[in-house]
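Hello,

Here is the structure I promised to pass on. Please open it alongside this note.

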Amino acid sequence: MKGLVSVCSASKRVLPPKCQHRRYHSHSVKPYYVTTPIFYPNSVPHIGHLHSLVVADIFARFSKISDPTRPVRFVTGTDEHGLKIQNAAKAKDMDPLAFCDELSVHFRNLATKAKVAITRFTRTTERQHCEAVTHLWKELDARGLIYKGRHEGWYSISDETFYPSTQVSRQEKDGVEYYISTTSGSRVEWQEEENYKFRLSAFQSSLIGHFSANPEAIQPSQFHADIMNSLKEPLEDLSVSRKRSRLSWGIPVPNDPEHTIYVWIDALATYLSSVEYPWSATAGDGTSEGWPPDVQVIGKDIIRFHAVYFPAMLQALGLPLTKQLLTHSHWTVDRAKMSKSVGNVADPIKAIDEFGIDLVRYYLARVGGRFKDDVDWSQEQLQKHSREIISLLGNLYLRATSAKIMKRVADVPRPTPFQIPDTGAYAPLLSSLQALASRFEGQMRRFEVADAVETIVQALSEANLLMTQAAPWSPTTSPTVAAEVQALVFETLRECGILLQPFMPIKTALLLDSLKVREDERTLAFASFGMRGVLDVKPGVRLFEVDLSNCRGA
């Protein structure tokens, strides 16, 4: 295997120009900073990886339409060190870096294909990251928070972590006894070895204090409660190195080449290294680069690492903690956990190729945007919700710009939204539109993604119902009423088009272009009722070209 020091020194090549990080030098505005998990590239991505990417992108884009002058830092990447990678590369008779090169590109390609607007894709084998981890270790060591000791416990190779005995259960199959983690279901084995430890126990009180004072810090609230309950149990000091004879694929412990820095302290430091930690140019203040993260999107299986270990590291370094952790549950297939051995892993690339990325993103938000419980990836549900938005949004635009209606209203001045009477059939839709933007914004700020989408769906449904009831194409409907109905539908499409941008960036751009909405008027402020009337449109634009009869799902 190639030595890690040479790997780190050679790894500056991994960032293509479009993903190169941007540096912000203004101290007046802290960039909005959002992250995904740093994905472990021991296999190709599945739908869960896409979900994390899309959820983070939704909030990055929501920040952009909420405050267009505020820069956004959006970080994802791959965690490429550790025993699991070392063993997987060995099994394929490959150099570990070559193995990571081969798999990391799949995650980068997924982000590109998913229209995820990342600003930095970080690989933990990059030299800059390795240097940041080494600096972090030295800082902790200088504070007396790292010591060499003997560690024993139940270790999971697949999870790269030790589990306490309270989270381990004995199993038996075909007469063979083994043990698993009750948290992840992964097999564990008892290990004893000398390594370095981080004084995690010293931060129990401060962690309890932080999360007690900040009940919104972990979302949804059930996960905040889980962490608070776990902190009632004594924290054990954390193993942060492995003997290099066992784990050679990793960053060497400073001044002790016999040990390798443990993968989790390495991986968690990515959130710092990706925004230029240790910030020597600004005397240790990373505000201008975006620190601390505004939102970190994670899966529920890694919450302890992000809600206990990482905050303790930050407190040890005297750095501000992440403002909010958004923890999502898992995607299943046929109500079962995705597994390569079972063969039920949903392929995100296939789904995007068949349905188009905007429909897949819409489905992920509509169905997977509550975060509390596991949700099932279903071909039928993907088709159902695709048909829903195609009908509510795409067909509504075609109906409102049909030749018959355009001809009937040609000689009638188009009324502004405020000129439409708040009576009769207009009242329900007018009421929805007047509250739409503020209701949507509140839901998004509370991480109620599925509810925010539902709010838009309700407005679109009311607009479609009004079209059907008023029949503006009919000769029996007066041209004045036809013009009022069309103007109100255009206002619906304008508002919903602006609000749907974080979820469906391609189709909403086409819709707003077709409504002749200016680029600088596509922000949350302009989504308020009647901010701008639709003066001109491009008739007959088909927003969705996909033929769902040919889609078999993922």
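Below is what turned up, starting with the sheet. Bear in mind that this is a predicted model.

The sheet is open and has six strands. Their order is E3-E2-E1-E14-E15-E9, and the pairing is parallel. Strand E3 (120-123) and strand E9 (218-219) form the edges, each pairing on one side only.

Look next at E1 (residues 32-39) and E14 (residues 295-299). The two run parallel and are joined by two bridges. Thr35 stands opposite Gln296 in E14. Helix H2 (residues 47-66) packs on the sheet. H2 touches E1, strand E2 (72-78), E14 and strand E15 (324-328). The direction of H2 makes about 175 degrees with that of E1.

Now the cavities. A search of the whole structure gives two of 30 Å³ or more. Gln296 is part of its lining, as are His210, Phe211, His306, Phe310 and Gln324, among others. Helix H6 (204-213), helix H10 (303-317) and E15 each give two or more residues to that lining. H10 gives the most, with four.

Last, helix H12 (residues 357-368). From first C-alpha to last, H12 reaches 15 Å, close to the 16 Å expected at 1.5 Å a residue. H12 is mostly covered, with eleven of its twelve residues buried. Among the buried residues are Asp358, Arg361 and Arg366, along with Tyr362 and Tyr363.

Over to you.

Terms used
Residues numbered from 1 in each chain as written. Predicted model: local features only at pLDDT ≥ 70, side-chain atom pairs only at ≥ 80, totals over all residues. Heavy atoms only, no water. Expected span 1.5 Å × (residues − 1). Buried < 20%, exposed > 50% of the residue type's maximum accessible area, 1.4 Å probe, protein only. Pairing = 2+ DSSP bridges. Contact = heavy atoms within 4.5 Å. Axes fitted to C-alpha atoms, helices over the stretch in contact; angles between N-to-C directions. 1 Å grid on protein atoms, 1.4 Å probe; cavity = no way out; pocket = protein on both sides within 12 Å on 5 of 7 lines; lining within 4 Å. Points joined across faces, edges and corners; volume = space filled by probe spheres on them.
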